[in-house]
Amino acid sequence: MQSLSSSFYQRSTKQIAKDLLGKILVRKYKGKEYRARIVETEAYLGIKDKACHSFGDKRTPRTLSMYLEGGHAYVYLIYGMYHCLNVVTRSTKYPEAVLIRAAEPLIGFKDSGKKLLAGPGKLCREMKITKAQDGRYLSSKELMITDDGFKVKNSQIISCPRIGVDYAGKDKDLSLRFYIKDHPSVSCYFRK
DNA sequence: AGTGAGATGGCCT
DNA sequence: GGCCATCTCACTA
């Protein structure tokens, strides 16, 4: 099982967000392996995107890993108790990333309910992803993304505005959230 | 089914 | 001191 090539992460962030749908997130933790199929993502477009943590080229301890080469993980703590997993995209010049919002549980979970990983906080909680993974490269060691040949047609990809970014002015309306149409594991269906 | 509040901590001004 | 790329539970009706 091969992790995605580094060239996969050197394309446009929006394209990567769409292409990550259907890919498999693999997590190894304490001798156990978890696998889940990504069904929902959001693109964050760097220094010109008001919703992005690196807006205005803001380099802080938190955002530093977004300035890594594409293919690294950016994990941060939100609301004091939840972690969110992002995939860093493009080169070190562009601090952009894709938020992994939801996935379908495949292997390794006690409870394999379709909504178990439906939301970025739940996904990290259930897959034991924390700041320990922040800045790590997505290789096969502890966390990686792989392709099992599962195809998602363009017509099955729905786009809409991102969730929870009302503070971002005009950028809150950008259609940068992507999910697989009618999939039972997306975080919520009702959003224009 | 829809709304509202609380939990809880690091980061930024 | 105030804000969050969230989630769950408790309440309305």
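Predicted model: local features only at pLDDT ≥ 70, side-chain atom pairs only at ≥ 80, totals over all residues.
The lining of the largest pocket divides into 16 nonpolar, four polar and two charged residues. A total of 22 residues line the largest pocket. Those nearest its centre are Y76, I78, C84, I163 and G164. Several secondary-structure elements contribute to this lining. Strands β2 (32-44), β3 (73-78), β4 (82-89) and β5 (96-107) each supply at least two residues. Helix α2 (120-126) likewise supplies at least two.

The second largest pocket holds about 180 Å³ of space. Its lining consists of F8, Q15, K18, D19, L21, K23, D147, F150, K151, V152, N154 and I157. Helix α1 (residues 13-19) provides the largest share of this lining, with three residues. By class, five residues lining the second largest pocket are nonpolar, five are charged and two are polar.

M81 sits in the loop between β3 and β4. The relative accessible area of M81 is 57%. The cut-off for an exposed residue is over 50%, so M81 counts as exposed.

Definitions and conventions. Residues numbered from 1 in each chain as written. Chains lettered and ligands numbered in written order. Heavy atoms only, no water. 1 Å grid on protein atoms, 1.4 Å probe; cavity = no way out; pocket = protein on both sides within 12 Å on 5 of 7 lines; lining within 4 Å. Helix = DSSP H or I, 4+ residues; strand = E, 2+ residues; numbered from the N terminus. Nonpolar A, V, L, I, M, F, W, Y, C, P; charged D, E, K, R; others polar. Points joined across faces, edges and corners; volume = space filled by probe spheres on them. Buried < 20%, exposed > 50% of the residue type's maximum accessible area, 1.4 Å probe, protein only.
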